[in-house]
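Here is a short briefing on one protein chain. Look over the sequence and the model before reading on.

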Amino acid sequence: MLQIRQTTVYRGPNLWARMPTILIELEIGELEDRPTNKIPGFYEHLTELLPSLYDHACSIGKPGGFLQRMRQGTWMGHVTEHVALELQNLAGAEVRRGKTRGTGERGVYNVVYQYEQEDVGLAAGRLAVRLLNHLIYDTEPGFDFVTELEERVIKVAERLAYGPSTGAIVAEAERRGIPVLRLDPRRSLVQLGHGAYQKRFWATVTSSTANIAVDIAGNKELTNRMLHEVGIPVPRAIVVRDEDEAVRAAGQIGYPVVIKPLDGNHGRGVMINLADEAAVREAYPTAEGESRAGTVVVERFVTGKDFRILVVNNQVVAVAERVPAHVIGDGRRTVAELIERTNLDPRRGVGHEKILTRIAVDRQTAEVLAKQELNLTSIPEAEQFVQLKLTGNMSTGGTSIDRTDDIHPDNVEIARQAAMVVGLDVAGIDFITTDIARSVRETKGAIVEINAGPGFRMHTNPTEGHPRHVGRAVMDMLFPPGSPSRIPLIAVSGTNGKTTTTRMIAHILKQTGKIVGMTTTDGIYVDGTQIAAGDMSGPTSARMVLKNPVVNYAVLETARGGILRSGLGFDRCDVAVVTNVASDHLGLKGVHTLAELARVKAVVPQAVLAGGASVLNADNQWTVEMARTARGCILRSGLGFDRCDVAVVTNIAADHLWLRGVNTLADLARVKA
């Protein structure tokens with residue numbers, strides 16, 4: 001039977017790969033003598049449950065390659081690798097890299113596979129082993145694979161995944177090679193870039209979003225007044241604090257009217273097209289209940305369709321028509337059955353977790369149906385449009401149609417100016433008009449709301465029309481072309497001299513005016529001040545430096561233990577320095593030979609950026625051999641040269657540092673002094 005002996009999570013480049021991976025030490029027992037082609041029915045049962053394994057090319061290099069390997073006969077460690085990858089893909093990830101290698105002990109394998117979300121990757125590995133044991137040994141007679149996949153992998157993925165808006169920005173950052181650090185695994189709070197160059201965002205509120213602008217947008221009456229005062233078309237609005245005031249305000253404005261909470265969001269509590277006093281009195285408690293301050297706005301009802309215009313950095317980047325939650329009759333099913341069928345769409349989820357939201361049946365649904373002389377048990381005619389919610393908000397189950405190419409230039413300019421008046425860097429403009437392709441001056445439409453932190457999913461995944469890559473606009477704003485996102489990072493490894501070398505480099509950089517973040521075996525230092533004491537040469541300490549917004553250079557001592565425990569604390573470095581490989585630390589963490597230790601240390605120069613440098617000790621045979629896999633420019637140093645090539649080179653953005661002339665022990669002593 002398959003048994004997991006040990007699991008290791010690598011969060012950065014490691015012995016096995018240059019990306020986050022999970023290592024399972026897997027014992028396969030008697031299956032060492034029974035590859036897949038000698039287990040009756042195994043291939044058929046596995047491919048029936050996971051037909052998408054066909055997409056795995058494996059070493060064959062084309063779709064169906066892994067299935068070919070199984071038919072020819074491969075070992076269960078290899079199968080575990082591919083199943084763990086595919087279970088993650090079924091949960092929405094895009095992972096495809098893995099490898100399986102023998103440990104040297106018969107029947108025990110190191111199974112390594114890529115992951116995007118740590119908890120999902122771990123859950124996929126565990127379920128993969130359970131599934132294979134079930135198929136081979138029937139270890140769990142009541143095992144329901146579909147249910148287990150849903151409960152133990154997919155739901156975990158949905159709970160932890162970035163929302164569509166955050167995901168769009170993160171995907172664009174990764175495409176550009178900008179470092180991404182999730183600051184809270186349960187929230188969409190993300191850091192882009194390192195140190196002094198970092199930017200942060202939470203959903204679609206960025207570190208450049210002004211707090212005053214968010215407050216203005218959150219006050220609907222204030223927003224309305226500010227826009228009106230610069231000539232931007234808005235409906236007349238009056239703030240009220242009780243039901244009688246709402247009725248008087250509606251009379252002043254003229255029916256029909258809209259009632260909504262002064263400080264609400266996501267369309268909650270918005271009651272539209274109220275035609276008389278009775279309707280206002282009936283709607284008032286709903287709007288008041290959604291207001292944190294208990295304050296309500298009464299405004300003129302604007303006839304037309306509901307459009308959302310996304311403005312980023314004062315430019316219109318996407319336009320969507322929002323259609324209220326609805327179903328289309330088929331002449332056979334009831335409204336309730338049609339809603340249930342619509343909610344089965346795999347694109348629909350709870351809240352903002354997916355590109356569409358499931359339609360909730362509530363009091364508003366019943367009221368909207370009643371206005372159409374329908375109820376949940378009614379059977380609409382074929383092709384009959386049955387509206388279920390008052391507004392087109394995506395959060396209440398609405399859908400979207402891309403209209404970016406249709407918007408009239410006048411409407412573009414008005415939306416731009418509206419975002420600028422409020423002061424938002426990312427703004428969602430709610431625009432009501434009969435035709436977005438005609439000027440609002442002609443259609444008598446109006447801006448009814450401006451939203452801070454607007455959702456992107458109606459633009460990135462419209463129900464109809466072309467997806468818009470709005471994450472690009474956000475990244476262009478946060479990191480304009482040519483602006484840096486990475487601070488120069490120097491990683492120092494080796495058996496002896498790491499701390500001395502790290503301190504010397506950091507000291508020289510500080511003398512040139514740099515604010516250096518340094519990790520060593522005796523602490524973390526920022527600009528010469530110790531901020532943490534103890535052995536800080538591991539990946540967690542490295543990330544602490546890279547999260548610090550003060551630091552504009554990082555010099556990180558990188559010890560063997562951290563690499564073996566969870567990989568590097570950074571994805572790439574500009575300069576890697578390996579002092580030497582010696583036998584001082586053999587026998588720890590499963591490293592028993594100099595060759596094994598050298599393989600661990602080589603992870604550091606393998607993480608060098610293409611334009612960086614690997615500085616290797618030319619007097620040590622193990623570091624000399626690292627040149628075969630090291631990246632960047634290979635720079636050698638040692639006493640055997642008439643002149644040392646270069647001790648350290650960084651050439652990042654406008655920063656150039658050349659340390660030359662360390663030719664003898666006397667020169668080195670003078671530098672240390």
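This is a predicted model: local features need pLDDT of at least 70, side-chain atom pairs count only at pLDDT 80 or more; totals for chains, interfaces and linings use all residues.

The chain averages a pLDDT of 91. Its domain assignment gives four entries, from domain 1 (3-160) to domain 4 (489-670).

**Confidence**
- A pLDDT of at least 70 is reached by 94% of the residues.
- Residues 642-673 are another matter: the pLDDT there is below 50.
- That stretch still has 51 contacts in the model beyond near neighbours in sequence.

**Domains**
- Domain 1 covers 3-160 and domain 2 covers 236-300.
- Domain 3 runs over 305-469, and domain 4 over 489-670.
- In the contact between domain 1 and domain 4, domain 1 supplies 10 residues and domain 4 supplies 16 residues.

- About 1000 Å² is buried between the two domains.
- Carbon and sulfur atoms give 51% of that area.
- On the side of domain 1 that touches domain 4, the residues divide into 5 nonpolar, 3 polar and 2 charged.
- How many salt bridges are counted between domain 1 and domain 4? The count is 0.
- Polar contacts do occur: 4 residue pairs are counted between domain 1 and domain 4, with both residues at pLDDT 80 or more.

**Backbone geometry**
- Most residues other than glycine have a negative phi, and most peptide bonds are trans.
- Tyr255 and Pro256 are joined by a cis peptide bond, with omega about -5°.
- Pro256 sits in the loop between helix H9 (243-253) and strand E10 (257-261).
- Asp138 is not a glycine, yet its phi is positive, at about 55°.
- The loop that holds Asp138 lies between helix H4 (118-137) and helix H5 (145-160).

**Salt bridges**
- The structure as a whole holds 40 salt bridges.
- Arg5 pairs with Glu25 in a salt bridge, and their closest N and O atoms are 3.4 Å apart.
- This pair links distant parts of the chain, 20 residues apart.
- Arg5 belongs to strand E1 (residues 3-10), and Glu25 to strand E2 (residues 21-27).

Note on methods. Residues are numbered from 1 along each chain as its sequence is written. Side-chain values use heavy atoms; hydrogens and water are left out. Domain bounds come from an automatic or database domain assignment. Contact means heavy atoms within 4.5 Å. Buried area is the accessible area (1.4 Å probe) that two parts lose on being put together, summed over both. A salt bridge is a side-chain nitrogen of Lys or Arg within 4 Å of a carboxyl oxygen of Asp or Glu. A polar contact is a pair of N or O atoms within 3.5 Å; within protein, one must be able to donate a hydrogen and the other to accept it, and residues adjacent in sequence count only if both atoms are side-chain atoms. Ala, Val, Leu, Ile, Met, Phe, Trp, Tyr, Cys and Pro count as nonpolar, Asp, Glu, Lys and Arg as charged, and the others, Gly among them, as polar. pLDDT is the predictor's confidence in each residue, from 0 to 100. Helices (H or I, at least four residues) and strands (E, at least two) are DSSP runs, numbered from the N terminus.
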